[in-house]
Amino acid sequence: MTTPQKPEDIVKAEGAQLDFSKDMTYGGYLHLDEILNAQHPLSPDHNEMLFIIQHQTSELWMKLMLHEMAAAVEHLRNDNLPTVFKMLARVSRIMEQLVHAWTVLSTMTPPEYSALRPYLARSSGFQSYQYRQIEFMLGNKNAAMLKPHSHRDDLLAAVQKAYEAPSLYDESIRLMHRHGIAVPESYLQRDWTAPYEASMDIQAAWLVAYKDPKTYWDIYQLGEKLTDIEDAFRQWRFRHLTTVERVIGFKRGTGGTSGVDYLRKMLDVVLFPELWSLRTEL
């Protein structure tokens, strides 16, 4: 019978480095001291740690989402569609992670949340400047949503930049024009801060690609990648709604919104309307 190796012998046999007194460490590279010491519960309640970490990790995922979307828009402007597809696919997967994050938070019961809620004061996810940038980059423009960030010039500048720029969908429409599909001039140069308005002409443009995907394969693929993103975004919003209703019922949100009623209204917002309506025409 072979004598089992001792754990320390296995490590030595693997040649694993054990002395990091002169080398960069895993924790140093990831700045784990800063990250793991960034949780500062205000209440004595055990469950506040879950609440903080769930929202902090969601903000990290949103940071990556913005990183990918900004790069995707730049590649879209340069007609580098294979790279765009890769980045947009990653955005959809990030949204799936955010959906699952609500599942973890839903383990918090109403009495547990009620114990920490007074300590939140007026702070709310409604004030997330990264979420607002994502919404603006996806085309859901609303000037009123700039106001919650006006107390800090740097945050307002970041949100305003996304507000004033063409959205991901705007850039996709402009790309169709560059690739020979007829698009109304009013959709190529417009007030980018105005909410997007659905158009039968834009639906007709997408239908050119969807009815002849072999000829317009890249544009057809782009349409499906955008549909994937909106599909995932809807699920993210829906899980937010159901989690909030499960934990606080129909109480008003800490940020002053109507809570569940407000979130339910947001479910009706359609980001890329023609990509959904065209399916009826196929």
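Q130 lies in helix α7 (residues 129-137); helices here are DSSP runs of H or I with at least four residues, strands are E runs of at least two, and both are numbered from the N terminus. The model is predicted: local features need pLDDT of at least 70, side-chain atom pairs count only at pLDDT 80 or more, and totals for chains, interfaces and linings use all residues. Residues are numbered from 1 along each chain as its sequence is written, and side-chain values use heavy atoms, with hydrogens and water left out.

At 10% relative accessibility, Q130 is buried. Buried means under 20% relative accessible area, exposed means over 50%, and partly exposed falls in between (1.4 Å probe, protein chains only). Apart from neighbours within four places in sequence, Q130 is in contact with E59, M62, K63 and L66; contact means heavy atoms within 4.5 Å. A polar atom of the Q130 side chain lies 2.7 Å from the backbone oxygen of E59.

Salt bridges were examined next. A salt bridge is a side-chain nitrogen of Lys or Arg within 4 Å of a carboxyl oxygen of Asp or Glu. The structure holds 13 of these salt bridges.

One of them joins D79 and R178, with the closest N and O atoms 2.8 Å apart. This pair links distant parts of the chain, 99 residues apart. D79 sits in the loop between α4 (48-77) and α5 (81-105), while R178 belongs to helix α9 (residues 168-178). D79 is partly exposed, with a relative accessible area of 36%. R178 is also partly exposed, at 39%.

A salt bridge also forms between R279 and E224, whose closest N and O atoms are 2.5 Å apart. R279 lies in helix α13 (residues 273-281) and E224 in helix α11 (residues 217-248), so the pair ties together parts that are 55 residues apart in sequence. R279 counts as partly exposed at 32% relative accessibility. E224 is partly exposed at 24%.

Within helix α11, E230 and R234 are four residues apart, a separation of about one helical turn. Their side chains meet in a salt bridge (3.5 Å, N to O). E230 is buried, at 1% relative accessibility. R234, at 31%, is partly exposed.

Salt bridges also link several residues into a network: E74, R77, E171 and R174.

How values were computed:
A polar contact is a pair of N or O atoms within 3.5 Å; within protein, one must be able to donate a hydrogen and the other to accept it, and residues adjacent in sequence count only if both atoms are side-chain atoms.
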